[in-house]
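Let's walk through this structure together, from one side chain out to the whole chain. Keep the viewer open as you read.

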Amino acid sequence: MTPPTSTSSRSEGAAAAARTTLDRLIETWGRPELSALGPEDDLFDKIDSFAVVELLLETESEVEKTVGRYVPLADESILDSTRSPLRRLQGWFDYVADAVARG
């Protein structure tokens, strides 16, 4: 895949990569009910900490393929039960896009 050139298209590509990764992992985890989650739903409450880590690592890998560089996504908020961007599904996609935009 050719990395997008503008910051906006890189961010959009990163958000799409996050969605693609989640969709793939939902299948791997055998959790089809997670496919029905909407943008305001809380993914953090629906998956365990091992799945959160897997989602994080797999998303970093997919984002790197998409934008052409490694973008770290891990920080102290990911596993924080009150501040995690996974508390709102759209928040996760926005978090990934923002991380790419920040560089």
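Leaving aside neighbours within four places in sequence, which residues is Trp92 in contact with? Taking contact as heavy atoms within 4.5 Å, Trp92 meets Ala18, Leu55, Leu56, Thr59, Leu73, Ile78, Pro85 and Leu86. Before going further, a word on the ground rules: this is a predicted model, in which local features need pLDDT of at least 70 and side-chain atom pairs count only at pLDDT 80 or more, while totals for chains, interfaces and linings use all residues. Residues are numbered from 1 along each chain as its sequence is written, and side-chain values use heavy atoms, with hydrogens and water left out.

A pair of aromatic rings is described by the distance of the centres and the angle of the planes. Rings of Phe, Tyr and Trp (its six-membered ring) pair if their centres lie within 6.5 Å; planes under 30 degrees apart count as stacked, over 60 as edge-to-face and the rest as tilted. Searching the whole structure turns up one such pair: Trp92 and Tyr95, stacked at 5.7 Å centre to centre with 15° between the planes. The two sit three residues apart in helix H3 (residues 89-102), so about one helical turn separates them.

Now step out to the core. A nonpolar core is a set of buried Ala, Val, Leu, Ile, Met, Phe, Trp, Tyr and Cys residues joined through side-chain atoms within 4.5 Å. The largest one has 30 residues, and those with the most contacts inside it are Leu43, Val63, Leu73, Trp92 and Val96. Helices H1 (7-29), H2 and H3 each supply at least two residues of this core, with the largest share, eight residues, coming from H3.

Glu60 is buried yet has no salt bridge, and the nearest side chain of opposite charge, Arg102, is 10 Å away. A salt bridge here needs a side-chain nitrogen of Lys or Arg within 4 Å of a carboxyl oxygen of Asp or Glu. Beyond four places in sequence, Glu60 touches Tyr70, Val71, Pro72, Leu73 and Ala74.

Finally, the overall picture: the chain has three helices and zero strands, where helices (H or I, at least four residues) and strands (E, at least two) are DSSP runs numbered from the N terminus. Of its 103 residues, 42% count as buried.

Notes
Buried < 20%, exposed > 50% of the residue type's maximum accessible area, 1.4 Å probe, protein only. Lys, Arg positive; Asp, Glu negative; His and termini not counted.
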